[in-house]
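Subject: Handing over a structure, with notes on its salt bridges

Dear colleague,

I am passing on the structure below, together with a short account of what was found in it. Please have it open beside you as you read.

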Amino acid sequence: SDGLGDGQQIVVRFIPREGIDESYRVPSEQLAIPANLTRLGLSQIINGLLALDPPKPFDFLVGTTLVREPLQDLVTALNISAELVL
C-alpha cells in the first residue's frame, strides 16, 4: 500500500521557480493538502493564499514532473514516499 487512501493528505511546500514575479510568491511553510488535488486544486490554493482576483492558473512540478493528475497518483507513479514533503 502506498499509504494514500481516500481522504488522505500530502504535505507540500510551494517553492517558486527562479525569476517569478514577487507578487506570486507564497509563504514557504509546509501545508497539508488533500492528496487527490490536481493542478486546478493547487491553483485554487495559491489564488486563495495570494487573494488573486481574477484567479490565475499556475503550473506545478514535483521534481521535474508537471502535475497533470491527482497528487496521490503522481506520488505513486514516481515512487515517492508518502512521508516526503513535496
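Please bear in mind throughout that this is a predicted model. My notes concern the salt bridges, of which the count comes to 3.

I begin with the pair formed by E22 and R25, whose side chains meet in a salt bridge at 3.0 Å, N to O. E22 counts as exposed, because its relative accessibility is 58% and the cut-off for that class is over 50%. R25, with a relative accessibility of 33%, counts as partly exposed.

The next pair is R39 and D59, and here too the side chains meet in a salt bridge, with an N to O distance of 3.0 Å. This pair links distant parts of the chain, since R39 lies in helix α1 (residues 39-50) while D59 sits in the loop between α1 and β3 (61-62), 20 residues apart. R39 is partly exposed, its relative accessible area being 29%, and D59, with a relative accessible area of 48%, is likewise partly exposed.

D59 also has a salt bridge with R68, where the two side chains meet at 2.9 Å, N to O. Through salt bridges that share partners, R39, D59 and R68 are joined into one network.

Methods: Residues numbered from 1 in each chain as written. Predicted model: local features only at pLDDT ≥ 70, side-chain atom pairs only at ≥ 80, totals over all residues. Heavy atoms only, no water. Salt bridge = Lys/Arg side-chain N within 4 Å of Asp/Glu carboxyl O. Buried < 20%, exposed > 50% of the residue type's maximum accessible area, 1.4 Å probe, protein only. Helix = DSSP H or I, 4+ residues; strand = E, 2+ residues; numbered from the N terminus.
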